[in-house]
Amino acid sequence: MCLAVPGRVLDVEDRDGTRMATVDFGGVVKEVCLEYLPDLRVGEYAVVHVGFALQRLDEESARRTLELFENLGLLQEEFGDPDDPDHPDDPGGAGGSEGFGPSREEARR
């Protein structure tokens, strides 16, 4: 399953002409493309899908959603260890998404 997950922006920078952010998803930190939300700032929350920030979100809604996802085991499913045989991204496991974020080249497109 591939989810849109809320995360908090920790850092923003321009990389090769693409606005990128380091985002915390309840303890899991990933790189995210900000091309769809170019004015997103450090400390703000956004809903992220396949490595792209898609929509700004208030802190309370983000925290409630992350807590719900964690209780349902969806954060582990989305962000767990890909070397774990039960992880959805493991070819011998449950199957699932192609990974979380875009490559730098994909983000520039």
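1. A residue is called buried when its relative accessible area is under 20%, and exposed when that value is over 50%. Phe52 therefore counts as buried at 16% relative accessibility, whereas Tyr36 counts as exposed at 54%. The model under discussion is predicted.

2. These two residues make up the 1 aromatic pair that the structure holds. Tyr36 and Phe52 are arranged in a tilted geometry, with 5.6 Å from centre to centre and 50° between the planes. The pair connects distant parts of the chain, 16 residues apart: Tyr36 lies in the loop between β3 (28-33) and β4 (45-49), and Phe52 in strand β5 (residues 52-57).

3. Strand β2 (residues 18-25) pairs with β3 in the antiparallel sense, over 6 bridges. Within this arrangement, Ala21 is placed opposite Val32 of β3. The two strands form a hairpin with 2 residues between them, and Gly26 in the turn adopts a positive phi of about 65°.

4. The largest nonpolar core comprises 17 residues, and Val5, Val32, Leu40 and Ala53 are those with the most contacts inside it. At least two residues of this core are supplied by each of β1 (5-15), β2, β4, α1 (59-71) and α2 (74-79). Strand β2 provides the largest share, 3 residues. In soluble globular proteins, nonpolar side chains tend to be buried together.

5. Apart from its neighbours within four places in sequence, Ala53 is in contact with Val32, Cys33, Leu34, Tyr36, Leu37, Leu40, Ala46, Val47 and Val48. Among these partners are Val32 and Leu40, which also belong to the core residues with the most contacts inside it.

Conventions: Residues are numbered from 1 along each chain as its sequence is written. This is a predicted model: local features need pLDDT of at least 70, side-chain atom pairs count only at pLDDT 80 or more; totals for chains, interfaces and linings use all residues. Side-chain values use heavy atoms; hydrogens and water are left out. Rings of Phe, Tyr and Trp (its six-membered ring) pair if their centres lie within 6.5 Å; planes under 30 degrees apart count as stacked, over 60 as edge-to-face and the rest as tilted. Helices (H or I, at least four residues) and strands (E, at least two) are DSSP runs, numbered from the N terminus. Buried means under 20% relative accessible area, exposed over 50%, partly exposed in between (1.4 Å probe, protein chains only). Two strands pair if DSSP finds at least two bridges between them. A nonpolar core is a set of buried Ala, Val, Leu, Ile, Met, Phe, Trp, Tyr and Cys residues joined through side-chain atoms within 4.5 Å. Contact means heavy atoms within 4.5 Å.
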